[in-house]
Amino acid sequence: MMTPLPAPTSLQAPRTFLERMDSSSVGGMTIRNFFTDSYLVALLDTALIRNPDLAVAQQRIAQARADLQERSGALWPTVDAEISGGVRRFGEYTMDGVGNYDTNFSDNINPDQRMTNPLPDYFVGARSTWEADIWGKLRTRRKAAYLRFLATENGRQLVQTTLVADIARLYYELLTLDNQLEIIQRNAVLQQQALETIIIQKEGGRANELAVRQFAAQLLNTQSLEIQIRQQILEIETRINTLMGRFSQPIVRGNPILDQKLPQSIGVGIPAEMLRRRPDVQQAELELKANQEELQAARLSFLPSLNITAYTGLNAFRSAVLLNPGSLAFGLLGGLTAPILNRQALRANQNRAQARSLEALYSYNKTILEAYQESALLMGTIDNLKKISALKTQETSELQQGVSISNDLYLAGYASYLEVITAQRSVLSAELEQTTIRQREFSALIDLYRSLGGGWE
């Protein structure tokens, strides 16, 4: 078992859950206020910085922010600088070809205005396009992107609450295994002493070879349990290190599991306030609103759109006169366009948006239902585990006394060796189960903290 180390000076000294859990809802407590083990808090601090899943969630937020910027930019005109050059050749039997040829003989033009065939074309200036949002379609899409941006932040919070709960559960499971290892080692010592005693009695004619074999087999079974526990400790330490984003190393832990404090009572607040804190509920609600906005934008796509294009700059067919003031040119064109025929693509987009909106609604309802059921179940689980733990403590105490009595009776000749072995097996099983129940109490409490929206602040 790991020997508890002094608490880090940078962290507050541990206090009991009872001293801290005096609010109307445990979900409103910060990580440092909810968890009383300073070593666990240190692990969580490292995980919140280095966990790969949190880093991925952060990049999803960046992507959603970029989508919001893109849709916000769609509300404004685009202006592009342009420098272009080209050449055109007119057919001699076209309107442009005949007109340009005849124009070259006009007395109203000077030599710089005479055109050649092929005819060059140079332009230096700016062009702009803009869709005027007269129906609010673009603003609706921007709002949908904004809601999804907020939803990704709740998604990151959901990843964090899950991460905090996972590490905390594994930490208390590690403390449980430490305690079970200590129990097994202590029982192995007692079983070794019992084996040595039975061997001496066999040599004295008071026991037979069967009794020696039974005691030896029991000791071997306990020793194999010790190896299994050590393997489980190794596996859990590896899982914790993975969640913390680092290579395997020993996990330093605090007080044993039986010395960790549990609250006497828990306040969860009213259901509406309880559910409002959960990141998954908030994310589902925002996704529902975003899909509703997308559906509205799909409906607005059937209405006419006002598109305005403009350009200004220097335009000439001779590079020598491109910078001449007379080469200044500009243009402005605006028009309403509306779909009339073959609107299948628009209808398909609307149907798709409507289906996604309904899907988001059903997902939201499911999330609300599961959140409420989960929290209610965990409250009952914590209460029942507390009662089981009290009974198991009494059972363990009785069985420990039974082992001592069976040894005395055996030495006095009033009990068989099978009764001694049975008593030892029973107390070992009870002690291990008592530790497991305590670990389940902590796991249920941690799950309740997560289910009430705790762990992301």
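Reply: A polar contact is a pair of N or O atoms within 3.5 Å. The model discussed here is predicted.

Me: Which residue caps the N-terminal end of α7?

Reply: A side-chain oxygen of the capping residue lies 3.2 Å from the backbone nitrogen of Leu210. The residue that caps this end of α7 is Asn208.

Me: How far apart are the end C-alpha atoms of helix α7?

Reply: Helix α7 covers residues 209-243, which are 35 residues. At 1.5 Å a residue, α7 should span 51 Å.

Me: Which residue with a positive phi follows α7?

Reply: The phi of this residue is near 70°. The residue that follows α7 is Gly245.

Me: Is Gln180 buried or exposed?

Reply: Gln180 is found in helix α6, which covers residues 137-203. A residue counts as buried under 20% relative accessible area. Because Gln180 has 9% relative accessibility, Gln180 counts as buried.

Me: The backbone oxygen of which residue lies 3.3 Å from a polar atom of the side chain of Gln180?

Reply: Leaving aside residues up to four places away in sequence, Gln180 touches Ile229, Leu432, Thr435 and Thr436. Among these, the residue whose backbone oxygen lies 3.3 Å from that polar atom is Leu432.

Me: What distance separates the C-alpha atoms of Gly125 and Gln63?

Reply: Gly125 has its place in strand β2, residues 119-132. Gly125 and Gln63 are 62 residues apart along the chain. Their C-alpha atoms are separated by 34 Å.

Definitions and conventions:
Residues numbered from 1 in each chain as written. Predicted model: local features only at pLDDT ≥ 70, side-chain atom pairs only at ≥ 80, totals over all residues. Heavy atoms only, no water. Helix = DSSP H or I, 4+ residues; strand = E, 2+ residues; numbered from the N terminus. Expected span 1.5 Å × (residues − 1). Polar contact = N/O pair within 3.5 Å; in protein donor to acceptor, adjacent residues only side chain to side chain. Buried < 20%, exposed > 50% of the residue type's maximum accessible area, 1.4 Å probe, protein only. Contact = heavy atoms within 4.5 Å.
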